[in-house]
Amino acid sequence: MKLSISKNELNDAIQQVAKAASSRPTIPILGGIKIEVTHLGVTLTASDTDISIQSFIPVERDQYVIAHVDKPGSVVLPAKFFVEIIKKLPSDQVLIEVNSNFQTIIRSGSTEIQMVGLDPEEFPVLPSIEQNDVLQMPGDLLRAMIRQTVLAASTSEQTPILTGVLWSLAEGELKFVATDRHRLASRTAQVDTVPDYKFNNIVISAKTLIELSKLVPEQNTLVDIVVADNQVLFKLGNVLFFTRILDGTYPDTSKIIPQTFKTELVLDTKNVMDAIDRAYLMSREEKTNIVRLMTLEDGSIEISSSSTELGRVTEQLEAKEFNGDPLRIAFNSKYMLDVLKVIDSEQLFIGFTGAMSPIIIRPIDHAYSMYVILPYRTTG
């Protein structure tokens, strides 16, 4: 194998796929990046078996020559070193040559690096996915849906299914749900797909979705999504992102969501976020994150927290609307702040059915996202 390639193009592609290379591989090959060279271009692949990322660099794009291929071939190189060294090479062009036993020479300017390569035949084969039904959505929408739901996914491996985000599709509506049993986030969107295409109980790791969102281009590009038996494929231009679907059945969360409320508030999102943020500073010192909310007779609310060592924070906020019974409730301020940071609406609705019942938070501007936080069992 022998080729000359643009350093910047190679570096961009390596940065994309390296996210899938295992940092602590059980076998050395999983810590590598597979490089396949043909006369059409260069394909880079990394996989830790849970996720696989593949990026293709054509030899030419828009009449600009990216690579000169002298001899096709393939090799697997250690990802960690390969990523770092390509980034730091001195010249705009990189020459890569693979000799017998996969000994690899990388030249750039006056720099020459010799690397021990691995046999590409031992590299995991990417999943084969039939691409009959394709779900297509704008990249910025996918990124927003991920950002607005992963916050509620569990970080405990004791319940692996809850470390993921539940995907379902019916009648052109895509829905994401995440919960760690203490809070819940839900987000829906209308998407383009073939008629009658639907699926449910597709659960994708929240960590994986965060990595995926980093790869989705900033500019408004369309992402093709293909759901198979145990894999989901995301097509982002020249990048393919495969992820394994988590095993198990996601719990039915619909029963915990109240439909009617005893107390209803409409608040300014930024004002309540700033007030809870200040109260959080005090509650954080107590290592409880407990913040209390109380409605007052004049229709305003009081937000407070206390620390045995530091003292107490109390703040009053004007409610835009207040209906129903008086209320005193305590909640995890960190959970509430996580929600308030992703609500894309100037005002929000909070519904309560009592001091021990789930708190419902929704943006006022639209009905496609909803959040649930369980209160603390203390209102003192």
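Trainee: By the ring-centre rule, to how many aromatic pairs does the count come?
Mentor: The model is predicted. Rings of Phe, Tyr and Trp pair if their centres lie within 6.5 Å. By this rule the count of aromatic pairs is five.

Trainee: Is the pair of Phe 234 and Phe 241 stacked or edge-to-face?
Mentor: A pair of aromatic rings is described by the distance of the centres and the angle of the planes. For Phe 234 and Phe 241 the centres are 6.1 Å apart and the planes stand at 75°. Planes over 60 degrees apart count as edge-to-face. The pair is therefore edge-to-face.

Trainee: Are Phe 234 and Phe 241 buried or exposed?
Mentor: Buried means under 20% relative accessible area. Phe 234 has 0%, and Phe 241 has 1%. Phe 234 is therefore buried, and Phe 241 is likewise buried.

Trainee: Which residues do ring pairs link into a cluster?
Mentor: Phe 234 and Phe 241 form a ring pair. Ring pairs link these two into a cluster that also holds Trp and Phe residues. The members are Trp 167, Phe 176, Phe 234 and Phe 241.

Trainee: How many residues apart are Phe 261 and Phe 349?
Mentor: Their ring centres lie 5.4 Å apart with the planes at 65°, so this pair is edge-to-face. Phe 261 sits in the loop between strand E19 (239–244) and strand E20 (263–268), while Phe 349 belongs to strand E26 (residues 347–352). Both Phe 261 and Phe 349 are buried. The pair links distant parts of the chain, and the separation is 88 residues.

Trainee: Which residue does Ser 369 touch besides Ser 186, Arg 187 and Arg 362, leaving aside residues up to four places away in sequence?
Mentor: Ser 369 lies in strand E28 (residues 369–373). Its relative accessible area is 2%, so Ser 369 counts as buried. With residues up to four places away in sequence set aside, Ser 369 touches Ser 186, Arg 187, Arg 362 and Pro 363.

Trainee: Which residue in E9 stands opposite Lys 2?
Mentor: Strand E1 (residues 2–6) and strand E9 (residues 93–98) run antiparallel and are joined by five bridges. In E9, the residue opposite Lys 2 is Glu 97.

Trainee: In the hairpin of E9 and E10, which residue takes a positive phi?
Mentor: E9 pairs with strand E10 (residues 103–108) in the antiparallel sense over four bridges. Across this pairing, Leu 95 has Arg 107 in E10 as its bridge partner. The hairpin has four residues between the strands. The residue with a positive phi, near 60°, is Asn 101.

Conventions. Residues numbered from 1 in each chain as written. Predicted model: local features only at pLDDT ≥ 70, side-chain atom pairs only at ≥ 80, totals over all residues. Heavy atoms only, no water. Helix = DSSP H or I, 4+ residues; strand = E, 2+ residues; numbered from the N terminus. Buried < 20%, exposed > 50% of the residue type's maximum accessible area, 1.4 Å probe, protein only. Contact = heavy atoms within 4.5 Å. Phe/Tyr/Trp six-rings, centres within 6.5 Å; stacked < 30°, edge-to-face > 60°. Pairing = 2+ DSSP bridges.
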